[in-house]
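Have it open while you read, as I go from one region to the next.

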There are 2 protein chains.
Amino acid sequence: MPPIDSLRPFFAPDGVAVIGASATPGKLGYGVISNLIKSGYQGPIYPINPRAHEILGLSAYADISQVPDPVELAVIIIPAPAIPDALRACGRRGIRAAAILSGGFAEVGAAGAARQQEILDIAAEYGIRLVGPNGVGVLNPHSGLNTTFIEQIPEPGDIAFLSQSGALGGALIDWAKGEHIGLSYFASLGNAADVTEADLIRALTEDDHTRVITAYIESVHHGPEFMAAARQTTPHTPIIALKAGGTQEGARAVASHTASIGGSDEAYAAAFKQSGVLRARTVQELFDTAIALAYQPPPQGPRVAILTNAGGPAAVAADALARNGLSVPEPDETTRAALRAALGPAPQLFNPIDMLGAASSPEYEAAARVLLASDSYDAVLAILVPNTANDPAGVADALARASADADKPIYACYMGDVSLGESRQRLHQHRIPVYDFPENAARAIANAHRWQIIREKPPTPPPAPNTGLYQVIASELREKVDSGQKYVGEAELYPLLEQVGFPLAAWAAAYVKTEAEAFARTHPGPFALKALSPDIVHKSDVGGVALNVPAAQVGKMYWELQAQVRRRAHKAGLQGVLIQQMAAAGTEVIIGMRRDPTFGPMIMFGGGGVYVEALRDVAFRIAPFDAEEARAMIAETVAGRLLLHGARGRRPGDVAALAELIMQVAALALAIPELSEFELNPAIVHPAGRGVTVVDARALLA
Amino acid sequence: MPPIDSLRPFFAPDGVAVIGASATPGKLGYGVISNLIKSGYQGPIYPINPRAHEILGLSAYADISQVPDPVELAVIIIPAPAIPDALRACGRRGIRAAAILSGGFAEVGAAGAARQQEILDIAAEYGIRLVGPNGVGVLNPHSGLNTTFIEQIPEPGDIAFLSQSGALGGALIDWAKGEHIGLSYFASLGNAADVTEADLIRALTEDDHTRVITAYIESVHHGPEFMAAARQTTPHTPIIALKAGGTQEGARAVASHTASIGGSDEAYAAAFKQSGVLRARTVQELFDTAIALAYQPPPQGPRVAILTNAGGPAAVAADALARNGLSVPEPDETTRAALRAALGPAPQLFNPIDMLGAASSPEYEAAARVLLASDSYDAVLAILVPNTANDPAGVADALARASADADKPIYACYMGDVSLGESRQRLHQHRIPVYDFPENAARAIANAHRWQIIREKPPTPPPAPNTGLYQVIASELREKVDSGQKYVGEAELYPLLEQVGFPLAAWAAAYVKTEAEAFARTHPGPFALKALSPDIVHKSDVGGVALNVPAAQVGKMYWELQAQVRRRAHKAGLQGVLIQQMAAAGTEVIIGMRRDPTFGPMIMFGGGGVYVEALRDVAFRIAPFDAEEARAMIAETVAGRLLLHGARGRRPGDVAALAELIMQVAALALAIPELSEFELNPAIVHPAGRGVTVVDARALLA
């Protein structure tokens, strides 16, 4: 059963039963019935309450078994302990969709988590899909379905909102109502025990009314599934997500709110990027971007014309657009001439096009028409500050007329409050997004443009990783896990990595001095010597590393190194030294892997060295990904851009070999789930065509 | 005459003449008279218009000379060409303050700039101070003075606003009116030909009504004066500034708006930091921070309690507070027990204190009282999302009652729109700042806390720089300027820098091979050899640098280096080589100086090397500054923090010597105005106690 079919009863059910309906105003069970009636739901509504005969004019039923056909959705608002029996009764009655509003599940600790598992087991037994528990239900303004107790009912519109916070949904709806912005669908996921954000994204992709999906996420429930759903959706319908819990403080708040324990913020950032999800940094940006994408086509390029009656706000807008990666070019000659013809000699026409304070509605309309038709621009931002001489509502109508004939987007920024009257709402009714401040407009326009780029080059499904190759070493690592080993150092790791083709510097483990000397005779020097000890993780901290040792010094250094380590770490067991050929010149980089609890193997690339590590010049991706993504990851860092383009005194590096090595780390991580962390630090990237050399490696097992 | 006295007529004039008053509704000269009357100005108002006898019930005068006493302020709104004569007439009539609203001056090009100079000359002749031209005048809600044609008149309050954009002032006033936020003073500076932001800051420091100064700045007119005024003011009255024109796009917009050509954004950031000015990144942040500081005391520390009826918004708030450098600690046991007693068993008490959706006004009040009295917190953020079960206005009153007895700040975040009714305005009437979104609240609280830190440790006046020392070399550099020289390379610069005590690596200019060899015999090697040529700025680009040359190779390298350069830059004149002792091991850093058009010498410190330069790990300060500031500058960069604290395998560097060198560069720049750019790149910072070595230097003259 494809998800869209199984979720249809949540969007457009034929009959709704409300288990826990109440005849007492102020109770949630009253609010839900009242909202279902007020929002204009056309199907039958069945209040279930053993002690009522009638609620708000509807016949009440003592038990779900007595409800006549049709009934497809159960809304449940009874205390948590009673819910398992109620859910079984729904199952027996043939109901296959339930929205559970009650709390008292995983968010309240172990007992609640057990109860949540119990209802999941019951749902599985009867084939029931669950929305919630611990949410406020669902709302479809197009069909009049409203199972929430949120006070306001939004107008029907294009924006879907999935929220792991019912209250944030309530706030959005209250705001949307005031601004005359319509919603297509709202779902409060609560603990998302069964139906997750991924399920709803899949379902909403097919929803005729939804042009934009917005989401408030505390934690994604199954990372790869979310990414797959988003990847399918974002080329057609933009997804904008706000992720909470990115800081320690936020994570603690989230844990006590919806029992969410999420992956790292870097993992979310990478997952969103790889699946085309636009990330909003603030609630305001979430809303602002939603209306930009719902009401207007996305800008096809980055060039924005600023049309204004106010110089200061326009300067602020120019800064903000530039800081968001957009451009504010001057008009071409044709455009300039057309503007001059439309506006006369007074306005400044550099962009901002500054028509001065008293700019009239016809002037706004004429200039907007010219700019929307101009080859110089991909979008228009019209700014207005109210004064005694202008007419904000008239300008709103004028912009709407100009926009009606255009295939490019126009956005408005109306700054002020009391003198704007209802002009903002009027712009929204005209489907022109309007913002309070230039900076908000700039962020929204930049996000809309980002979606256009995603649309042009949709995220590709990741290649099936070639994990077979790594099976030869998987069993050996598994044996180490079974023996309780956690840390795997160079000497143990190198033989395994060699088997699967990692480009290691030539090396040998020397347990007696002559072994080291023999290696030095048969390989070109100089050499790195590292103390061999299973007890020392950070060898350089205890003087356990000697670099650039000439062949003649290897024997002497064999003993010196061990003596030095013994002085500083006298309890560590020492087995000899690891001798390694020094790598040819190149750039130090780090490739790492950490297993994220939500998204799985997360690969890190960054510049190497103490200093650069401190600067956090790093990029992250969730594995698997293709070579193009690996190159994008490299290009995201300053270290990588220097490798790609070279710099004064530096030739470009072998980026192809580096990308290949990043892919190898990703494949290794996918093949061997027991590997919990892995790091090549550093690898040396040689000039283009000369490859990459790994000179240190370590792994953690779990 | 101290500035406060000369500016008093702009704040509280005894009599206002309006030159260009009009009896025709819709004209600006009508709007000004009408606003003066409507805003309740108590002194006499004299419309000046040769063709009117009466305007809005006031006797009109044909000429300013006919106006009876008292008259202290002239508001001028006649076309620009007529203004010089009008200003002379004002001077003869004994008026010493004029607000010129008309445009047509420096913002329109060269002819306008000449006219601006003309009115400045007239003003100087008669001792008149000017506000404007090209602004909208001044507004003092406390005295009822309103010389603007802005439609709304704000309530009297605590926030002063200085704006280089009249429209931004109009937008702020319109918004403040809607939110019931009061202003103490508004001045539209326009082109700020005479009275600048620095003058007004000085004057407003003494203004009884002003608790916060906010400013929209396109360019500061005299950098050092602005910094001095701000430095005196910010320990007592916070200044929050929004600076436009920080990007190329914004700078172009600003140039065509108020004829401002500003210094670099880095210079503004440094100047604001050094003088205690809080920088707002957005218009919204400017407003939000203003009400935080106007209504509540600043938080004494970073610990914020979140009180909420909504888990999602509280999680967003926790993230935002943490991202802004504040903390969200859990309550101590006493506080927890008091909360439990006040709220019963249901709420989560981890912080966020989550009272669930239906939280009542008494619950908000009781919890706010506990948190405001708690030793665990420095501030409280109360979040509310409206729903059918709560009472936003009642909660506003409850928070006000709790706040009345507290000496700590409380802030509110009310999310929504239609269901909030007038509750936001009510919070403002109670002097509780309220925000639309948690992120806005977090930024404002963080800024308020930042001001508390400034108050505790006010910016110190910079030391008188010891420039005398540098006079010995100033004349030599001046001679080079006179001879038309622009670029000064190492061989010319080193002898000068040596004279004034810069820590240079031992060096010699060798014009014949034997000189280089002699140097190598008398100094410990190895050596750096650099081609000596007045024509080559970037020696390493043409193979003109050889590093780590052993003494025995110096003679050979003398010729090889020159041959190599000749192959790659065959037109360059070659004079020999500069030989230099290689510096001992250490960390590469860069110290630079650029002369900012607004603020003067701007000193840069950052990590060295191609890679680190690309990462822009740099800090800026305006000279002069003291050693503590130099250390703060070092600590601001990652490179500097590694020097301060060391790192794996690195000892701490000689930060004292580094700070001293930074101060030397600052003093050199202050002493020699002809030096337009100067760079030590790199200097090597040795381990603590071992000093710093300069290994390359260059200068540009102007």
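Predicted model: local features only at pLDDT ≥ 70, side-chain atom pairs only at ≥ 80, totals over all residues.

1. Chain A overall. Its secondary structure comes to 24 helices and 31 strands. Taken along the principal axes, the C-alpha atoms fill a box of roughly 95 × 80 × 40 Å. Of the 702 residues in chain A, 58% count as buried. Among contacts in chain A with a separation of 6 or more, 72% come from residues 24 or more positions apart.

2. The contact between the chains. Here 79 residues of chain B are in contact with 79 residues of chain A. On the chain B side, the elements that give two or more residues are helices H5 (166–179), H8 (248–258), H10 (283–295), H11 (311–323), H16 (438–456), H21 (610–615) and H23 (638–645). H11(B) gives the most, with 11 residues. By class, this side of chain B has 37 nonpolar, 27 polar and 15 charged residues.

3. A helix pair in chain A. The axes of H19 (residues 513–522) and H20 (residues 554–568) of chain A come within 9 Å and cross at roughly 140°. That angle makes H19(A) oblique to H20(A), and their crossing is right-handed. From H19(A), A:Lys513, A:Ala516, A:Glu517 and A:Ala520 meet A:Val554, A:Gly555 and A:Tyr558 of H20(A). The residues of this contact divide into 4 nonpolar, 1 polar and 2 charged.

4. An open sheet in chain B. Which strands stand at its edges? The sheet has 4 strands in the order E22-E25-E23-E24 (chain B), with antiparallel pairing. The edges belong to E22 (507–510) and E24 (545–549) of chain B; each has a single partner strand, so one side of each is left without a neighbour in the sheet. Ignoring direction, neighbouring strands are turned by 20° against each other on average.

5. Still on that sheet. E23 (residues 527–532) of chain B runs antiparallel to E24(B), joined by 3 bridges. For B:Lys530, the bridge partner in E24(B) is B:Val545. Helix H20 (residues 554–568) of chain B packs on the sheet, where it touches E22, E23, E24 and E25 (576–581) of chain B. The direction of H20(B) makes about 40° with that of E23(B).

6. Strand E5 of chain B. This strand covers residues 73–76, with B:Leu73 and B:Val75 pointing one way, B:Ala74 and B:Ile76 the other, and all of them buried. E5(B) pairs in the parallel sense with E1 (residues 16–19) of chain B over 4 bridges, and B:Val18 stands opposite B:Val75. E5(B) also runs parallel to E6 (residues 97–100) of chain B, to which 4 bridges join it. In that pairing, B:Ile76 stands opposite B:Ile100 in E6(B).

7. One residue to look at: B:Ala657. Where is B:Ala657 placed? You'll find B:Ala657 in helix H24 (residues 655–671) of chain B. B:Ala657 counts as partly exposed because it has 19 C-beta neighbours inside 10 Å, and a residue needs 20 or more to be buried. Leaving out residues up to four places away in sequence, B:Ala657 touches B:Gly691 and B:Val692. B:Ala657 and B:Thr460 are 197 residues apart in sequence and 22 Å apart in space, C-alpha to C-alpha.

Key. Residues numbered from 1 in each chain as written. Chains lettered and ligands numbered in written order. Axes fitted to C-alpha atoms, helices over the stretch in contact; angles between N-to-C directions. Parallel < 35°, antiparallel > 145°, perpendicular 65-115°, else oblique. Left-handed = near helix turned anticlockwise from the far one by under 90°. Contact = placed C-beta atoms within 7 Å. Nonpolar A, V, L, I, M, F, W, Y, C, P; charged D, E, K, R; others polar. Pairing = 2+ DSSP bridges. Buried ≥ 20, exposed ≤ 12 C-beta atoms within 10 Å, placed from the backbone.
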